[in-house]
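Dear colleague,

Please find the structure below, together with its sequence. My notes on several of its helices and residues follow.

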Amino acid sequence: MSAQSASALRILVFSHRPEIREAIITAVGYRPATDLGRVDYLEAGSIEDVLYVVDNEHVDLAILDGEAQPTGGMGLSRQLKNELDDCPPIVVAVRRRDDRWLATWSLADAVIVHPLDPLAAAETVAEVLRSGAPVAR
């Protein structure tokens with residue numbers, strides 16, 4: 001986990017694969033939009049890590065890998081949305097555009113698709129951070 005800057009937004013990135021977490025962070029960047037503050041990332045490699053962070057830390061947004069093993073980000077998104085009263089907005093990263101309907105089932109606020117387009121990923125994250133409302137992509 002990175003140290004939190006005074007006004008930084010905090011984004012939790014979950015995947016069991018470090019290279020996927022890195023790809024998400026690289027695509028979204030440390031400043032997804034000029035009107036938003038700098039982003040500090042918290043990385044989680046397991047469901048237990050995600051649950052610990054959302055229970056004990058402030059998170060402005062979570063980006064969950066839909067292909068994570070053994071439990072994917074879509075199932076985890078649905079669990080968090082159903083169990084947490086103050087659930088942060090969630091973006092799910094999927095491998096296929098056809099999996100977007102599953103992300104809807106997961107109650108995710110938005111979806112990004114691999115291979116990640118940095119402009120689209122940053123714009124999606126910025127819109128969710130600004131509004132907290134679902135973003136159609």
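The coordinates are those of a predicted model. I begin with helix α5, where the buried residues pack against β1 (9-14), α1 (18-28), β3 (61-65), β4 (90-94) and β5 (110-113). The residues in question are A121, A122, T124, V125, A126, V128 and L129. An α-helix has 3.6 residues a turn, so residues three or four places apart point the same way.

At its N-terminal end, α5 is capped by D117, from which a side-chain oxygen lies 2.9 Å from the backbone nitrogen of L119.

R130 also belongs to helix α5. Leaving aside residues up to four places away in sequence, R130 touches A33, D35 and L36. With D35 there is a polar contact between the two side chains, at 2.8 Å. R130 and A62 are 68 residues apart in sequence, while their C-alpha atoms are 14 Å apart in space.

I turn next to the pair formed by α2 and α3. Two packed helices are described by the angle between their axes and the distance between the axes. For helix α2 (residues 47-56) and α3, the axes come within 12 Å and cross at roughly 30°. This angle makes α2 roughly parallel to α3, because angles under 35 degrees are classed in that way. The crossing of α2 past α3 is right-handed. On the α2 side, I47, V50, L51 and V54 take part, and they meet L76, Q79 and L80 of α3.

Finally, L84 sits in the loop that joins α3 (73-83) to β4. With a relative accessible area of 19%, L84 is buried, because the class requires a value under 20%. When residues up to four places away in sequence are not counted, L84 touches V54 and D55. V54 is also among the α2 residues that meet α3. L84 and R96 are twelve residues apart in sequence, and the distance between their C-alpha atoms is 28 Å.

With kind regards

Definitions and conventions: Residues numbered from 1 in each chain as written. Predicted model: local features only at pLDDT ≥ 70, side-chain atom pairs only at ≥ 80, totals over all residues. Heavy atoms only, no water. Buried < 20%, exposed > 50% of the residue type's maximum accessible area, 1.4 Å probe, protein only. Helix = DSSP H or I, 4+ residues; strand = E, 2+ residues; numbered from the N terminus. Contact = heavy atoms within 4.5 Å. Polar contact = N/O pair within 3.5 Å; in protein donor to acceptor, adjacent residues only side chain to side chain. Axes fitted to C-alpha atoms, helices over the stretch in contact; angles between N-to-C directions. Parallel < 35°, antiparallel > 145°, perpendicular 65-115°, else oblique. Left-handed = near helix turned anticlockwise from the far one by under 90°.
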